[in-house]
Amino acid sequence: MKRKIFVVWFLVFSLFLATIVYSETTQLTVKTSKQTYTFEEFLDVNGKGNPNILLYLPIKVSSPKILDLSGNPVNQVKISSKFLLSTKLENLAEDKQVLTYIVQVKDFEGKIVHLQFIRGAIPAEKTFTYGLMWTPKKAGKHVIEVYVWRSLAEPQPLAHPAKTEVEVLKPTAKNQSKIVYYGSAVKPSPVVTIQVFSPDGKRKAVAQARIGVDGSFYANKIYRFSLDDPLGNWTIKVYQAGIMEKTSFKLDKTPTTLTILVKPQKVELGEKIKVEGCIVPSCANAKVILTYEKAGGVNVSKVVVTDTEGCFQDEFKLDAGGTWFVVAGWSGNEKFKASKSSKIKFEVVSKGCLIATATYGSEMAEEVQFLRGFREKIVYSTFAGKSFMKVFHVWYYSFSPTVAKFIQNNQPLKNLVKCLLYPLFGILYLSTLTYNIFNFNCEIGIIMAGLVASFLIGIVYFTPPTFLILYALRKSRGLLKTRWLKFLILIVMLNVGLIFLGEILGFNLLMEVSTSVFVVGIIVFTAYIISWKLVTLTLKKSNF
């Protein structure tokens with residue numbers, strides 16, 4: 001009976017002890033510093049392992065040497081040249097060691113540019129030299145890492161990793177490469193091995209990390225993601241003493257920011273504004289849509305393409321005064337997320353109505369604002385209107401500063417000019433109504449509005465002086481003949497045709513000339529025909 005009780009207690013104790021040992025040998029966890037990564041970010045791995053499993057690492061690894069193809073050491077490592085990365089492996093054990101020799105090269109950005117391995121074996125207490133080819137692609141500092149594992153499928157470490165730092169030179173460099181060698185420890189140490197796999201199952205990186213006394217391990221910056229890496233779920237596998245744990249994380253599109261700068265913040269009407277901007281991180285050949293919002297909520301969009309640095313610029317000619325806004329946006333691509341800039345405000349200052357401002361005393365006067373509104377909201381909104389105003393401004397501003405200065409401090413003259421301008425407000429009001437009637441087509445609308453305005457200006461402002469001139473020259477019968485009317489009608493009709501031709505062709509110079517001659521022709525024709533009729537009637541009454 002006592003023997004049975006002893007056997008039962010012995011089995012229970014053995015089971016308890018086995019459970020403890022099993023739990024100690026299998027405690028292995030792994031996680032990443034974040035669940036989602038983006039391009040250019042570094043991958044950090046940490047976790048828990050068993051600090052009590054001290055592995056004797058039987059192979060001593062020397063720092064990798066850089067040799068030429070003849071096996072001679074080099075002092076210059078240049079881009080596009082082929083080199084042999086050679087490492088001495090000394091087997092300290094009393095038995096043969098089957099191994100996998102792994103070489104991993106990181107560039108100055110921390111990106112893995114080379115990962116290669118070969119399988120082999122070293123007899124007991126022997127030293128063999130292993131080597132793999134490497135062709136540098138970039139200039140700058142590179143780190144060569146060497147790992148010796150049992151195999152990639154069974155990544156039991158056989159040695160501490162060794163590394164060498166080397167400066168890769170440009171082909172034309174004359175100086176020597178700076179090479180720094182680092183030794184490798186051989187004392188027993190609890191370690192984990194790490195492998196990183198992309199969504200398509202390709203091995204992208206390897207690493208080895210020591211386990212601290214508290215069981216934790218850290219492997220920082222073991223991989224830096226590049227634009228060549230596939231999006232999706234990646235896998236990390238960590239190994240210790242035949243146990244494997246894995247975790248996954250997601251590589252997602254990189255968020256971007258889009259910033260723009262407007263120069264200058266205040267610009268005159270008809271001048272160009274310059275917009276510069278960049279996408280960060282840089283994305284070359286990206287299509288960016290610039291949306292210019294003019295006064296009245298009318299939007300104009302342009303597409304620009306970024307350069308190799310992810311930057312762009314644009315120049316835009318401003319055709320209306322007031323407050324403008326510009327915003328940039330792009331739809332992203334397979335690697336980068338879409339982004340949109342903040343809306344930037346800038347002011348377009350139209351050339352002032354100098355005579356009206358001097359007459360009414362302020363640019364904010366209701367009459368001045370009406371004139372400006374007609375010009376900017378109606379005339380400048382059309383191709384024909386902008387073409388005419390370009391010529392009109394040259395004429396108007398050739399004398400208006402002098403006239404405005406003369407009016408400014410002369411109250412009687414101000415009152416006279418107010419009387420002269422009063423009919424103009426009514427004329428422009430009727431022209432606005434005409435434009436609205438034909439607003440199904442803005443270009444036709446502005447031509448009809450110009451016709452009405454020119455006709456009424458001819459009646460109100462030019463008919464009285466024309467009548468006096470014709471009446472004074474009434475004895476010169478040639479001025480009162482109908483051939484002048486036919487000539488004026490021909491000029492007007494010809495310019496109507498040229499205006500429509502300019503609209504079709506988008507020919508600026510043709511539009512500037514034809515619209516200007518059209519307006520002047522209507523004014524002259526109206527003033528002449530009415531004055532001619534009045535003079536004729538006056539002469540008939542006097543003869544009667």
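Colleague: Why is Cys 278 called partly exposed?
Modeller: Its relative accessible area is 22%. Buried means under 20% and exposed means over 50%. The value for Cys 278 falls in between, so the label is partly exposed. Keep in mind that this is a predicted model.

Colleague: How do you know that Cys 278 and Cys 311 form a disulfide?
Modeller: Their sulfur atoms are 1.9 Å apart. The cut-off is 2.5 Å. The pair is within that limit, so it counts as a disulfide. A search of the whole structure finds one disulfide. The link of Cys 278 and Cys 311 is right-handed, with 100° about the S-S bond.

Colleague: Which parts does the pair of Cys 278 and Cys 311 tie together?
Modeller: Cys 278 lies in strand E20, residues 272–280. Cys 311 lies in strand E23, residues 311–317. The pair therefore ties together parts that are 33 residues apart in sequence.

Colleague: What makes E20 and E23 a strand pair?
Modeller: At least two bridges are needed. E20 and E23 have seven, in the antiparallel sense, so they pair. The bridge partner of Cys 278 in E23 is Cys 311. E20 also pairs with E18, again antiparallel and over seven bridges. There, Ile 260 has Gly 277 of E20 as its bridge partner.

Colleague: Which residues make up the covered face of E20, and which the uncovered one?
Modeller: Ile 273, Val 275, Gly 277 and Ile 279 form the covered face. Lys 272, Lys 274, Glu 276, Cys 278 and Val 280 form the uncovered one.

Colleague: Is Cys 283 buried or exposed, and what about Cys 419?
Modeller: Cys 283 has a relative accessible area of 6%. That is under 20%, so Cys 283 is buried. Cys 419 has 57%. That is over 50%, so Cys 419 is exposed.

Colleague: Why is Thr 256 called buried?
Modeller: Its relative accessible area is 9%. That is under 20%, so the label is buried. Thr 256 lies in the loop between strand E17 (243–251) and strand E18 (257–263). Residues it touches include Ile 279, Val 280, Trp 330 and Phe 336.

Colleague: What makes the link between the side chains of Thr 256 and Ser 339 a polar contact?
Modeller: The distance is 2.8 Å. The cut-off is 3.5 Å, and the pair is within it. The side chain of Thr 256 also reaches the backbone oxygen of Lys 337, at 2.8 Å.

Colleague: What makes E8 and E12 edge strands?
Modeller: They belong to an open sheet of five strands, in the order E8-E7-E10-E11-E12, with antiparallel pairing. Strand E8 (112–122) and strand E12 (179–182) each pair on one side only. The twist averages 15° from one strand to the next. Within the sheet, seven bridges join E7 to E10.

Colleague: How does the radius of gyration of the protein chain compare with that of a compact globule?
Modeller: A compact globule of 544 residues would have a radius near 24 Å, but the protein chain has 43 Å. The C-alpha trace spans about 160 × 70 × 45 Å along its principal axes. The chain has nine helices and 26 strands. Buried residues make up 43% of its 544 residues.

Technical notes. Residues numbered from 1 in each chain as written. Predicted model: local features only at pLDDT ≥ 70, side-chain atom pairs only at ≥ 80, totals over all residues. Heavy atoms only, no water. Helix = DSSP H or I, 4+ residues; strand = E, 2+ residues; numbered from the N terminus. Buried < 20%, exposed > 50% of the residue type's maximum accessible area, 1.4 Å probe, protein only. Polar contact = N/O pair within 3.5 Å; in protein donor to acceptor, adjacent residues only side chain to side chain. Contact = heavy atoms within 4.5 Å. Axes fitted to C-alpha atoms, helices over the stretch in contact; angles between N-to-C directions. Rg over C-alpha atoms; globule rule 2.2 N^0.38 Å. Lists of a residue's contacts leave out its neighbours within four places in sequence.
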